[in-house]
Structure formats: C-alpha cells, structure tokens
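Thanks for coming. I will take a few minutes to walk through one structure, and you can follow along on the screen.

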Amino acid sequence: MSEISFLLTFTSNVPLNPAAGDHPVEWMVQSYEPMTVPLGHIVTFIWTGNHGIVHIPTEECPTTFADNPDIEILAPESVDGRYVWNADEAGEHWFTCQVGAHCDAGQKIKVIVTA
C-alpha cells in the first residue's frame, strides 16, 4: 500500500468537518489533555489497531478489567473501530483502553461535561 493510499484509508474514518456537537478523539496509545464538552454533545472515539473503550471512575488504571463492578466496558477490544459516547450527564468522566498496558502507558482521557 502506498503512503498516499494509507493516508486516504486512515483519514476516511475521521470526519474532516465534525458535525456541530461532535468531538472526535483519535484513540491511540498516547497522553490526552482533558476535553470539555457541553451537555448533550457527543464524543466520537475512532481508532485503528487493537483498542477498546472503558468508562472508569477515576484516572487510576484498574488492576483488572474482567468482572470489575467499578468500570463499564463501552466498546470491546476490536481492530479498527469507532464508538460514540453521549455526554448526557454533567461532571467528570474518565475513559481508557482495556488492551494490554495501554492504560498504564497513558491512553486515558478526562471528559468534563458542562451543564
């Protein structure tokens, strides 16, 4: 695959002009700045490679993702995925990836939903 076709394939999953109220996140192993979104907007996580989305109570990485009542698995592990989260509750929300050591490597984001 040429570099040009790779770029076209990769960026075709990412909205060039996100709809009003949509806050896209290119989900990968990296650190993220906190994101503030108004109540009623959506956050769209988009990834290539093997990732997933987990709602966690704090920035602390869980010791386990299996049978953990404190977390909510929103998107199971998958290769190349997309998950849309509705910001329908004001407050701080933490999200991470449950694959391997991705959380410990910094793949987590705080989303602050304002009323």
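**Surface and overall layout**

The protein exposes about 6700 Å², and carbon and sulfur atoms supply 54% of that area. Accessible areas here come from the Shrake-Rupley method with a 1.4 Å probe, and for residues only the protein chains shown count as cover.

Before going further, this is a predicted model, in which local features need pLDDT of at least 70 and side-chain atom pairs count only at pLDDT 80 or more, while totals for chains, interfaces and linings use all residues. Residues are numbered from 1 along each chain as its sequence is written, and side-chain values use heavy atoms, with hydrogens and water left out.

The protein has 1 helix and 6 strands. From the N terminus on, the order is α-β-β-β-β-β-β. Helices (H or I, at least four residues) and strands (E, at least two) are DSSP runs, numbered from the N terminus.

Of the 115 residues, 40% count as buried. Buried means under 20% relative accessible area, exposed means over 50%, and partly exposed is in between, with a 1.4 Å probe and protein chains only. As for contacts (heavy atoms within 4.5 Å), among those between residues at least 6 apart in sequence, 60% join residues at least 24 apart.

**The core**

Which residues touch the most other members of the largest nonpolar core? They are W27, F45, I53, W85 and I109, out of 20 residues in that core. A nonpolar core is a set of buried Ala, Val, Leu, Ile, Met, Phe, Trp, Tyr and Cys residues joined through side-chain atoms within 4.5 Å. At least two core residues come from each of β2 (35–38), β3 (42–56), β4 (72–86) and β6 (108–114). Apart from this core lies another one, of 5 residues, including V54, I56, F65 and W94.

Let me stay with F45. Not counting residues up to four places away in sequence, F45 touches V25, W27, I53, G81, R82, Y83, W85, F95 and I109.

One of those, F95, brings us to the aromatic rings. A search of the whole structure finds 4 aromatic pairs. Rings of Phe, Tyr and Trp (its six-membered ring) pair if their centres lie within 6.5 Å; planes under 30 degrees apart count as stacked, over 60 as edge-to-face and the rest as tilted. F45 and F95 make a tilted pair, at 5.4 Å centre to centre and with 55 degrees between the planes. This pair links distant parts of the chain, since F45 is in strand β3 and F95 is in strand β5 (residues 91–96), 50 residues apart. Both F45 and F95 are buried. One aromatic cluster is formed by W27, Y32, F45, W85 and F95.

**Strand pairing and the salt bridge**

Two strands pair if DSSP finds at least two bridges between them. β3 and β5 run antiparallel and are joined by 3 bridges. There, H55 stands opposite F95 in β5. β5 also pairs with β6 in the antiparallel sense, over 6 bridges. The bridge partner of E92 in β6 is I112.

How many salt bridges does the structure hold? It holds 1, where a salt bridge is a side-chain nitrogen of Lys or Arg within 4 Å of a carboxyl oxygen of Asp or Glu. The side chains involved are those of K110 and E92, at 3.7 Å, N to O. K110 lies in strand β6 and E92 in strand β5, so the pair ties together parts that are 18 residues apart in sequence. Are the two partners buried or exposed? K110 is buried, with a relative accessible area of 19%, and E92 is exposed, at 53%.

**Some single residues**

Most residues other than glycine have a negative phi. D67 is not a glycine, yet has a positive phi of about 50 degrees. D67 sits in the loop between β3 and β4 and is exposed, with a relative accessible area of 81%. D80 also has a positive phi, near 60 degrees. D80 is found in strand β4 and counts as partly exposed, at 47% relative accessibility.

P76 lies in strand β4 too, and is exposed at 59% relative accessibility. Leaving aside neighbours within four places in sequence, P76 is in contact with H51, G52 and Q98.
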